[in-house]
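Reader: Could you walk me through the fold of this protein? I would like to go through it step by step.

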Amino acid sequence: MSTLRDSHFAQLTAIALAAALSPAPTLVAAADGAAEASAAPAASSIAIVDVTLIPMDRPDALPHQTVVTRDGTIVAIGPAKGDGAVVVPGDAQRIDGAGRWLLPGLIDNHIHCLDERDLELLLAHGVTTVRNLKGAPWHLELREQIRRGERIGPTCLTAGPFLNEPDFKTPDEFEAAVRR
Ligand SMILES: [Zn+2]
């Protein structure tokens with residue numbers, strides 16, 4: 001348990017966990033939960049109960065696991081039943097994981113964010129970090145709103161302005177754009 005707790009799983013947020021639940025039909029539920037989370041304070045503790053876990057540090061899937069987070073950090077991973085079963089805190093929001101899969105958040109290293117809703121859609125599909133390669137000033141504010149918890153979205157790494165074909169073609173055009 002502590003091995004997993006110390007692995008990349010510990011980096012996930014509660015919202016990332018909810019968003020990463022699959023199969024696809026449960027993504028609707030995850031998206032609903034995300035919408036509620038933006039309207040009201042999220043429960044400080046979330047328990048995903050009896051889920052099949054893909055730990056990513058080994059080739060196996062681990063069935064019948066329970067994952068508990070508190071304040072966005074994983075505090076327990078272990079069997080859902082039997083000896084050593086994870087105790088679900090009384091104040092936790094319970095998510096039934098039976099028949100569902102749970103994996104660390106995905107990273108999309110090449111997006112062009114053209115609309116702020118793009119980020120919500122990515123999160124709803126389990127992408128918890130993005131690298132935006134066509135940066136604009138409004139992306140910086142979007143990034144900060146997500147960071148402050150004012151908006152639902154993946155962690156956003158964003159580049160500077162787009163300097164590439166077809167917008168720029170000649171060395172002079174590139175040079176002029178860089179100097180602006
Ligand atoms: Zn591109």
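Author: We can begin with the overall make-up and then turn to the pairing of the strands.

Reader: What am I looking at, and how many helices and strands are there?
Author: This is a predicted model. The protein chain contains six helices and eight strands.

Reader: In which pattern do they follow along the sequence?
Author: The pattern reads α-α-α-β-β-β-β-β-β-α-β-α-β-α.

Reader: What share of the residues counts as buried?
Author: Of the 180 residues in the protein chain, 24% are buried.

Reader: And what share of the contacts joins residues at least 24 apart?
Author: That share is 58%, taken among contacts in the protein chain between residues at least 6 apart in sequence.

Reader: Let us move to the sheets. What is the order of strands in the open sheet of three?
Author: The order is S6-S7-S8, and the pairing is parallel. S6 (106-111) and S8 are the edge strands; each has a single partner strand, so one side of each has no neighbour in the sheet. On average, neighbouring strands of this sheet are turned by 15 degrees against each other, with direction ignored.

Reader: How many bridges hold S7 and S8 together?
Author: Four bridges pair S7 (residues 127-132) with S8 (residues 155-158), in the parallel sense. Thr129 has Thr155 in S8 as its bridge partner, and Val130 stands opposite Cys156 in S8.

Reader: Where does the chain go between S7 and S8?
Author: From S7 the chain passes through helix H5 (residues 137-147) and on to S8. This β-α-β crossover is right-handed.

Reader: Which strands does H5 lie across?
Author: H5 lies across S7 and S8, and runs at about 155 degrees to S8. Helix H4 (residues 116-124) lies across S6, S7 and S8, at about 140 degrees to S7.

Reader: Changing topic: do S2 and S3 run parallel or antiparallel?
Author: They run antiparallel, with six bridges joining S2 (residues 62-70) to S3 (residues 73-79). Thr66 stands opposite Gly78 in S3.

Reader: How many residues lie between S2 and S3 in that hairpin?
Author: Two residues lie between them. Asp71, in the turn, has a positive phi of about 50 degrees.

Reader: As background, through what do strands of a sheet pair?
Author: Strands of a sheet pair through backbone hydrogen bonds, in either a parallel or an antiparallel manner.

Reader: And how are side chains arranged along a regular strand?
Author: In a regular strand they alternate between the two faces of the sheet.

Key. Residues numbered from 1 in each chain as written. Predicted model: local features only at pLDDT ≥ 70, side-chain atom pairs only at ≥ 80, totals over all residues. Buried ≥ 20, exposed ≤ 12 C-beta atoms within 10 Å, placed from the backbone. Contact = placed C-beta atoms within 7 Å. Pairing = 2+ DSSP bridges. Right-handed = clockwise from strand over helix to strand, strands pointing away. Axes fitted to C-alpha atoms, helices over the stretch in contact; angles between N-to-C directions.
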